[in-house]
Amino acid sequence: MQSTLYFYGGAGAVTGSNFLLDTGGAKFLIDCGLRQGMEEEKNWEPFQYNPADISHLLVTHAHLDHIGRIPRLVRQGFRGKIISTKATLALAAPMLADALAITTHSAERSGREPLYEDADISAALGLWSGISYHEKVALPDGVELELFDAGHILGSAMVQLSREGRSIVFTGDIGGGNSPLLPPTEAVGAPAYLVMESTYGDRARPEDAERRERLEDIIEDSVRRGGTLLIPAFSTERTQDLMYEIRTLMVEKRVPSVPVFLDSPLAEKITAAFVANPEYFSPAMRTRVEGGEKIFDFPELHFVASTEASQNIHKTTGPKIILAGSGMSSGGRVLAHERVYLPDPDSTLLVVGYQAAGTLGRQLIEGAKNLKLHKESIPVRAKVATLYGYSAHRDGEGLLEFANKAGQKIEEIFAVHGEPAAAGFLVQRIRDYLGVKASAPEAGDRATINL
Ligand SMILES: [Zn+2]
């Protein structure tokens, strides 16, 4: 049988994940994410399909570049069912509420209508159900759904759709196998088609093994210089991984005891959702959490709720650590801290994740000496350090290894969620090393597949 696969978003770009599989008798959507960075205004463009025609929306994980336009989809007529893991559903509510604030603010700034409203989020959550990994769900037109653990963030899944013994797997984002909290990425069966991420397709991450030592060194150096260690962190997974690691370093007295501020009400809610879903942790971590260990609590940690309390952090003299969103410095409370600490030569800004083109974070890692923050020019005198060992993504080698493992029956691989250079590099290596047909589709492309 033949199906058509449409690449509407997250193709030729990292963000805005959105794929449609038309099996002839039914239409399935995989992810409906927000476009971030330079692509932001495209969120307001109409969907290139009729949302009312979609039978099911299958969600890989709760990052906004995979779920952030779901309420928009509902607002524009989607009435089908939404399925993800239970943890993804638990994380989606606070994530979407946060996205509402960000997108509404950006709509006001540019004089556009809001992307969606609170009622659209409630309506989306009303259509949403959570399932477990490996629970098989019968979908229309003879299609069967199964979710595999992607090991990327809590509850992240690879979506497998099968029909008559053939299958396609959408990987969503694939974990780096380095989270202190999560199990490693599961092996998928033997799909005929793989739609796989390629965010770091052209990069190697050599520092994995020593990442905790590197974090220890960065904290020690920052404390010695008496400055502030500012970490722009994604609220989901990266923040919890870092909180757990900093807690371990402080409990084991490997770094000096200094105040740690988690300045993100969203991250606090997400952390609560993590603790409420222990079955999604790695087995060892699950045992500790279920045994009552508070893996994110330590005396130095302060959760910062109000904006006023956030501003008061600046009055805390002496060395300290601040974790604040957003992870790419594209908004959120981290900006107010950057304004204060980037001009300070004793402070350190630590970048721990992917920085999309056009974001402040990208400018910082590219060595910008001046930044424009809310139309104000800010000199960058702080040390800018990077630590990709906590990246929730695989590097190029890891992606190739994943494709190789999944590859016994693979007929074609589509590299997505990467900038063109990264996706193109991965495609070339897949062709060269695995001898498998591979391409890097662009937004708007389609492919006919035998499924
Ligand atoms: Zn992700």
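Trainee: What stands opposite V137?
Mentor: L145, in strand β8. This is a predicted model, where local features need pLDDT of at least 70 and side-chain atom pairs count only at pLDDT 80 or more, while totals for chains, interfaces and linings use all residues. Residues are numbered from 1 along each chain as its sequence is written.

Trainee: How many bridges join β7 to β8?
Mentor: Three, and the two strands run antiparallel. β8 covers residues 143-149. Strands (E, at least two residues) and helices (H or I, at least four) are DSSP runs, numbered from the N terminus.

Trainee: And which sheet is that, in what order?
Mentor: An open sheet of seven strands, ordered β7-β8-β9-β10-β11-β20-β21, with mixed pairing. Two strands pair if DSSP finds at least two bridges between them.

Trainee: Which strands are at the edges?
Mentor: β7 (137-139) and β21 (437-439), each of which pairs on one side only. Ignoring direction, neighbouring strands of the sheet are turned by 20° against each other on average.

Trainee: Which helix packs on the sheet?
Mentor: α13, residues 420-434, touching β20 (412-416) and β21. The direction of α13 makes about 160° with that of β20. Angles run from 0 to 180 degrees between N-to-C directions, with axes fitted to C-alpha atoms, for helices over the stretch in contact. Contact needs C-beta atoms, placed from the backbone, within 7 Å.

Trainee: Other topic: what are the domains?
Mentor: Domain 1 is 2-203 + 392-450 and domain 2 is 208-390, with bounds from an automatic or database domain assignment. Their centres, taken over C-alpha atoms, are 27 Å apart.

Trainee: How many residues of each are in contact?
Mentor: 28 residues of domain 1 with 29 of domain 2.

Notes. Contact = placed C-beta atoms within 7 Å.
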